[in-house]
Each structure stands twice: as C-alpha cells, then as structure tokens.
Amino acid sequence: MLFELSEVSLIRGDRRVLDSVSAAIPAGATAIVGPSGAGKSTLLRLLNRLADPDAGTITYRGRPLAEYEPLALRREVSLVPQLPALLEGTVESNLAYAAGLAGKELAAEGCLRLAGLDPDFALRDVAKLSVGEQQRAMLARALAQEPVVLLLDEPTSALDHSARDAIEATLAELRRELEISIVLVSHDPEQARRLGDWVVRLEQGRAIEAGPIEEMMA
Amino acid sequence: MLAAAISYWQKADLERDIGIATVRSFVQLTAVGYAIKLIFEADTLWLVFALLAVMVVFGALTARSRAKKVPGAFWPLLIALALAGATTLGLVVALGVFEPTARYLVPVGGMVIGNAMTASAVALNRLGDEMADSRAKIEATLALGATAQQAAAPFVRRALRSGMITLVDSTKTTGLIFFPGTMVGMLLAGASPTDAVRLQLVLLYALLGSVAIAGLVATALAYRNFFTSAQQLRELESG
C-alpha cells in the first residue's frame with residue numbers, strides 16, 4: 001500500500017475534523033470523495049505532513065509518516081492546493097524555485113506541456129494568468145520536482161466545464177506518461193469515477209468506505 | 001486643549017485619548033525626570049543599566065500590544081530591543097562619541113530604545129498581517145518542501161521594510177522638512193548650529209542602526225512562532 005491510515009483523528013478547536021479514520025490508499029489513482037466539510041482536504045494535508053494527526057498513525061510505503069523528514073517527504077509527495085498560490089514572478093521562476101528545492105534540473109518546457117500549458121507560458125507573469133492557467137502552472141510547478149505522488153486538492157473546483165475537462169485530460173495523460181500515483185480530493189463523484197481507480201469516501205470526518213472504484217460506485 | 005477641541009469639532013472621537021495622553025505624558029516625564037536626576041547624582045553605571053533594562057522591558061510590552069497577531073511576540077521584542085540598545089550604545093561609546101556616563105547613556109539610550117520599539121512594533125504588526133493574509137501562499141510553498149524560513153522570507157522582508165521605512169524617510173528629509181528634536185533642543189539651549197548638527201547626525205546614524213537591528217532581530221525571531229518544528233504553519237484550518 002502507498003498510504004495506510006489507522007485510527008487517525010485530528011481535532012481543531014472543539015471540532016473533530018477527522019474521527020478515527022482507517023483506510024488504505026494503494027498506488028495508482030485514488031479519489032477521496034465526500035461532502036463539503038467531510039475532512040477531505042485535511043486528510044490530504046496529513047499525507048505530506050502539512051499537519052500531523054492528534055491520534056492514530058499513517059504509514060507511507062510501510063514506514064510511519066512521522067519518521068520521514070517533512071521537507072524531503074514533501075518534495076517526494078507533492079501537494080497542489082485547492083486555490084492557486086504561486087509566488088510573485090514568472091511561471092518559469094516558480095518552476096525553477098520548486099525544482100531547486102527538490103535538487104532537480106529544471107525542464108520547464110516538459111513540465112508545462114505535461115500540465116497542458118504552451119511553452120510560451122514560461123515567461124508569463126503569474127499575476128496575469130487566469131485561474132485555470134494558474135491551476136495548471138501550480139501543477140507544472142509540482143511536476144518540476146519530479147514527485148512520486150501527487151496530492152491534488154479539488155484541482156478543478158474553481159474552473160468552468162471546458163477548463164475542468166482539460167485538466168482532467170491532463171491528469172489522465174500524466175498517469176499514462178509518468179509512473180506517478182495520484183491522490184485526488186473531489187466533491188464530485190463523477191469526477192472520481194473518471195479519474196480514480198480506488199475511492200475513499202468520507203462523511204463528517206469518518207471513513208465510510210474504501211475500495212476499488214468499480215465496486216464502490218457501481 | 002486645541003487638539004481636543006479640533007477632535008470634538010471634527011467628531012474624531014479622540015478627546016478621551018488626547019486627555020489620557022496629556023496627563024500620562026506629564027506624570028511619566030515628571031517621574032522620569034526625577035529618576036534621571038537621582039541617577040545623574042548617583043553617577044553609577046549600574047543604575048543606568050537598570051533604567052535601560054526597565055525601558056527595554058516596557059518597550060517590549062508596549063510593542064507587543066501592537067503585534068497581537070504574532071504569537072509569543074514578547075520575547076523576540078525583548079531580545080530585539082536589548083540587542084539594539086546594547087549594540088548601538090556599545091558602538092557609540094567604543095568609538096568615543098559619548099563618554100560612558102549617566103549624562104550621555106540615559107538620554108541616548110532612551111532615544112535608541114524608543115525608536116527601536118516603534119520600528120519593531122510596526123515590523124511585527126505588518127508581519128502578523130502578512131502571515132494572516134498569506135496563509136495559502138505560505139502553505140503552498142511549504143508543500144513544495146520549502147523550509148519555514150524560505151516560505152516566510154517574502155513576508156519577513158516586507159515587515160522589516162515597514163519597520164525601517166519611517167525613520168529612513170524622515171532621515172532623508174531631515175533639515176529640509178523638519179528639524180529633529182535633539183538639534184532643536186540644543187539650538188534653544190544656545191548651542192552653536194554646527195555643534196547641534198554634528199550631534200544630531202551622530203544620533204540619527206545611531207538610531208538608523210538600532211532600528212535596523214531591532215527590526216531584523218524581531219522579525220527573524222518572531223516569524224518562527226508561526227511554525228511548528230515540523231515546518232508546519234500553526235493553527236491550520238480544516239477542510
């Protein structure tokens with residue numbers, strides 16, 4: 001298994017955001033689905049240690065996540081947040097920053113192409129990009145680190161139908177071209193069906209079910 | 001009275017604050033005047049250091065009230081003011097600009113610590129706002145495997161700039177738009193203009209140094225309080 005969660009709880013204030021969640025996430029493409037406020041984004045953040053659980057354990061490739069050095073883990077298990085949050089500058093400077101952190105040579109053109117952006121975007125100022133373009137630039141930035149796992153938090157939530165379809169096509173192509181696992185948060189069961197081959201369903205902070213998508217969403 | 005009347009006339013709702021400021025400044029300055037008189041008469045450096053230490057503590061407490069969005073702001077401020085005061089005073093004494101006596105160290109120390117307090121309060125106030133407004137950007141950078149220092153760097157830079165810019169700007173316009181207090185005081189006391197200018201320049205440069213040190217130390221220490229040891233942003237929002 002890629003990730004295994006055992007009795008994972010996380011409390012914020014007086015709210016139990018995740019409540020004894022136990023679930024397995026295999027290599028490949030997993031969709032974490034559920035209604036708004038179910039704890040999907042929080043669970044994703046736990047997987048690259050942007051937060052740590054208050055109780056329970058998470059393993060990554062069989063080893064407790066808490067034993068991983070957070071910075072090295074995040075360069076290997078890369079999270080693309082729901083809202084675009086690029087650094088000031090050009091698309092290329094953002095990609096170079098990410099590649100530099102991971103100690104990789106920057107192949108900007110390849111990353112942009114994989115994210116569905118024309119190479120001309122490299123020199124564009126990020127402040128002048130549309131939300132959809134920023135979302136793709138965020139994806140390209142994550143790819144510049146050559147991650148093993150991509151964690152995507154509602155990658156199409158801010159987009160219209162055509163931009164959503166384009167991002168979904170990009171993700172499908174990414175899986176074909178790269179040996180990369182994807183864990184995707186989505187509130188849309190249809191998107192989960194289109195992109196995932198494994199599903200974890202959350203409701204009110206609890207894992208209701210997990211398994212192959214064809215069985216869970218039949 | 002005039003300030004209170006204008007506030008009342010323009011409904012600025014500052015009459016009470018103006019009244020408090022007037023009374024407090026009178027009481028505080030009178031008390032400090034007597035305390036300084038005693039210290040001058042005793043002429044012992046220990047009393048000078050004790051007074052400067054009290055200034056540093058009260059300065060840190062006052063600045064903390066302006067940096068409410070920064071968790072644990074007191075210690076960074078205390079260390080920043082202490083370092084700014086010690087470094088700046090140590091330098092002007094070591095260079096022979098002032099003698100290490102109460103007559104020089106107390107007033108200069110007060111100016112140095114006061115300006116350092118204002119600058120570090122402004123810097124941390126800005127830092128708190130920047131960190132609160134930029135959580136998404138900071139987390140997105142942390143998610144790439146950046147350290148807390150790397151993720152916070154643009155916001156720490158802006159905060160430091162905010163803390164220093166007022167004094168830098170006023171230093172630029174000194175003599176053109178306004179006369180600083182020391183120079184005015186010396187001129188009123190009958191000193192020659194060139195002596196007044198010389199002392200004022202020394203003090204301005206000392207203040208620039210102290211403000212830079214205070215802003216740098218306060219922001220460099222305070223930004224860490226926004227992060228955990230695992231390079232996570234504190235007080236995470238749930239999703």
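**Setting up.** I worked from a predicted model, in which local features need pLDDT of at least 70 and side-chain atom pairs count only at pLDDT 80 or more, while totals for chains, interfaces and linings use all residues. Residues are numbered from 1 along each chain as its sequence is written, and chains are lettered from A and ligands numbered from 1 in the order in which they are written.

**Strand β9 of chain A.** I took helices (H or I, at least four residues) and strands (E, at least two) as DSSP runs numbered from the N terminus. I looked up burial, where buried is 20 or more other C-beta atoms within 10 Å of a residue's own, the C-beta atoms being placed from the backbone. Five of the six residues of β9(A), residues 198-203, are buried, so this strand is largely enclosed by the rest of the structure. For pairing I required at least two DSSP bridges between two strands. Strand β3 of chain A (residues 29-33) runs parallel to β9(A) and is joined to it by four bridges, with A:Thr30 opposite A:Trp198. Strand β10 of chain A (residues 206-212) pairs with β9(A) in the antiparallel sense over six bridges, and there A:Arg201 stands opposite A:Glu209. β9(A) and β10(A) form a hairpin with two residues between them, and A:Gln204 in the turn has a positive phi of about 45°.

**Chains A and B.** Counting a contact when C-beta atoms, placed from the backbone, lie within 7 Å, I found 27 residues from chain A and 17 residues from chain B. α2(A) gives the most to the side of chain A that touches chain B, with five residues.

**Helix pairs.** I fitted axes as lines to C-alpha atoms, over the stretch in contact for helices, with angles from 0 to 180 degrees between N-to-C directions; under 35 degrees counts as roughly parallel and over 145 as roughly antiparallel. In chain A, the axes of α3(A) and helix α5 (residues 131-143) come within 8 Å and cross at roughly 30°, and the two helices are therefore roughly parallel to each other. Their contact includes A:Val91 and A:Leu95 of α3(A) and A:Ala137 and A:Ala140 of α5(A). In chain B, helix α2 (residues 15-42) and helix α3 (residues 45-65) pack at an angle of about 155° with their axes 8 Å apart, and are therefore roughly antiparallel to each other. B:Ala35, B:Ile39 and B:Ala42 of α2(B) meet B:Leu47, B:Val48 and B:Leu51 of α3(B).

Key. A residue is buried if 20 or more other C-beta atoms lie within 10 Å of its own, exposed if 12 or fewer, and partly exposed in between; C-beta atoms are placed from the backbone. Two residues are in contact if their C-beta atoms, placed from the backbone, lie within 7 Å. Angles under 35 degrees count as roughly parallel, over 145 as roughly antiparallel, 65 to 115 as roughly perpendicular and the rest as oblique.
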